[in-house]
Amino acid sequence: MDLDLAQVRAFVATAEQLHFGRAAGELFLTQQALSKRVARLEDVLGVRLFDRTGHSVRLTAAGERFLEPARRALAAADDAIVAARRDDRPLRLDVWGHLFDPMRTIRRVVARRPDLPIEPNLKRGLSEVVTALRRGDGDAGFGRVHALDEPLPDGLAHRLVRLAPMVAVMGEAHPLAGAAALRPADLAGTTVWFPAEIGKLDFLDRFLAEFGLSGEFGGVNLGLDYFLDHLREEPGHVSLLPADVAVPADVRSVPLTDPVPLYSWSLIWRAREQHPVLRALLAEFAAAAREHGWLDYDPAAHWLPATELDARPTGAAGRPASTPRRARP
């Protein structure tokens, strides 16, 4: 029996999304074309892979058994393509959002596949990356895509690959520095500070508005050391960082809870003219998400800006984290 990899890919995308429409969009197919591929695969295998009841989709027992071997088969096929087409030019990965240390995520993914030729480059922001991709000056980008309030330009695609829990950071003289955990509402008596104009900080802007907090933004972003020095020197200021960004002992990192704010990291690339390494890189991000829970999302415990709820992890780069529900307002 010979498996059609296009059909297997359609199955895996549908299994991860548990939604034919979203899976079709991920593969740039019509929903009808995707459904036909899955149906043909089921005919070849002689088993049903999905139970379809109304608008819900779930894996059958056969589908559950088939999923991991199918992922491995696709990964092997992607490796074969990379090996056959590889030239001396690595995949150029533009990275932005450097104050939140995006390289820590890149390092963890690259460590899984050190053989993948990837060349990271720091960029100032999403608009610069979009321009580079449209000009053909880069192959992919990694950072916060949801800063845009409008769709990406035609010809570009993106995928959510990580949701990073955020923590409150402050100098050890701050009145809240001794707390074991804080709710976002507990920050109401302090000033949330960040070294950039608020117009460039959509996540923090929406966070402040959601929880009725006050902020002070401005100045020059001179990097993490300057950022932490300011918090040491200003005991009335607090800010936010991803939980796994390392801070020195004299800067307090306090977990935020009830709810936990999540910061979205995504990959962006040209939908066509893709670098041969891209698919393998996407597969490694998906595997890391499954292994480390990077796409875990519980609407009762986590907070995302309302504009991002449609992009929450229903499987674009891993298994669905929860039944889709609205996050609390």
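Q: Is R112 buried, exposed or partly exposed?
A: R112 counts as partly exposed, at 30% relative accessibility. Buried means under 20% relative accessible area, exposed means over 50%, and partly exposed lies in between (1.4 Å probe, protein chains only).

Q: Okay, and what sort of model is this?
A: It's a predicted model, where local features need pLDDT of at least 70 and side-chain atom pairs count only at pLDDT 80 or more, while totals for chains, interfaces and linings use all residues. Residues are numbered from 1 along each chain as its sequence is written, and side-chain values use heavy atoms, with hydrogens and water left out.

Q: Good. Which side chain meets R112 in a salt bridge?
A: That's E291, at 2.5 Å from N to O. The pair links distant parts of the chain, 179 residues apart: E291 is in helix α9 (residues 278–292) and R112 in helix α5 (residues 103–112). E291 counts as exposed, at 53% relative accessibility. A salt bridge here is a side-chain nitrogen of Lys or Arg within 4 Å of a carboxyl oxygen of Asp or Glu. Helices (H or I, at least four residues) and strands (E, at least two) are DSSP runs, numbered from the N terminus.

Q: How about D139 and R270, buried or exposed?
A: Both are buried. Their side chains meet in a salt bridge at 3.8 Å, N to O. D139 sits in the loop between α6 (126–135) and β5 (140–143), and R270 is in strand β11 (residues 260–270), 131 residues apart.

Q: How many salt bridges does the count come to?
A: By this rule, 23. One of them joins the side chains of R52 and E42, at 3.3 Å from N to O. R52 is in strand β1 (residues 50–53) and E42 in helix α3, 10 residues apart. R52 is partly exposed, with a relative accessible area of 41%, whereas E42 counts as buried at 10% relative accessibility.

Q: Let's stay with α3. Which of its residues are buried?
A: Those are L34, V38, L41 and E42. Seen down the axis of α3, its buried residues fall within an arc of 100°, so they line one face of the helix. The arc is that of the directions from the helix axis to the C-beta atoms.

Q: And what's on the face turned away from the buried side?
A: That face of α3 carries the exposed residues Q32 and D43. After α3 comes G46, which has a positive phi, near 75°.

Q: What span should α3 have at 1.5 Å a residue?
A: The 15 residues of α3 (residues 31–45) should span 21 Å, and the end C-alpha atoms are 21 Å apart, which agrees. The expected span is 1.5 Å times one less than the number of residues in the helix.

Q: New topic: how many residues of β9 are buried?
A: Six of the six residues in strand β9 (residues 237–242) are buried, so the strand is largely enclosed by the rest of the structure. H237, S239 and L241 point one way, while V238, L240 and P242 point the other. In general, side chains in a regular strand alternate between the two faces of the sheet.

Q: How do β6 and β9 run, parallel or antiparallel?
A: Strand β6 (residues 156–171) and β9 run antiparallel, joined by four bridges, and V169 stands opposite S239. Two strands pair if DSSP finds at least two bridges between them.

Q: And β7 with β9, parallel or antiparallel?
A: Strand β7 (residues 191–194) pairs with β9 in the parallel sense over two bridges. There V192 stands opposite V238.
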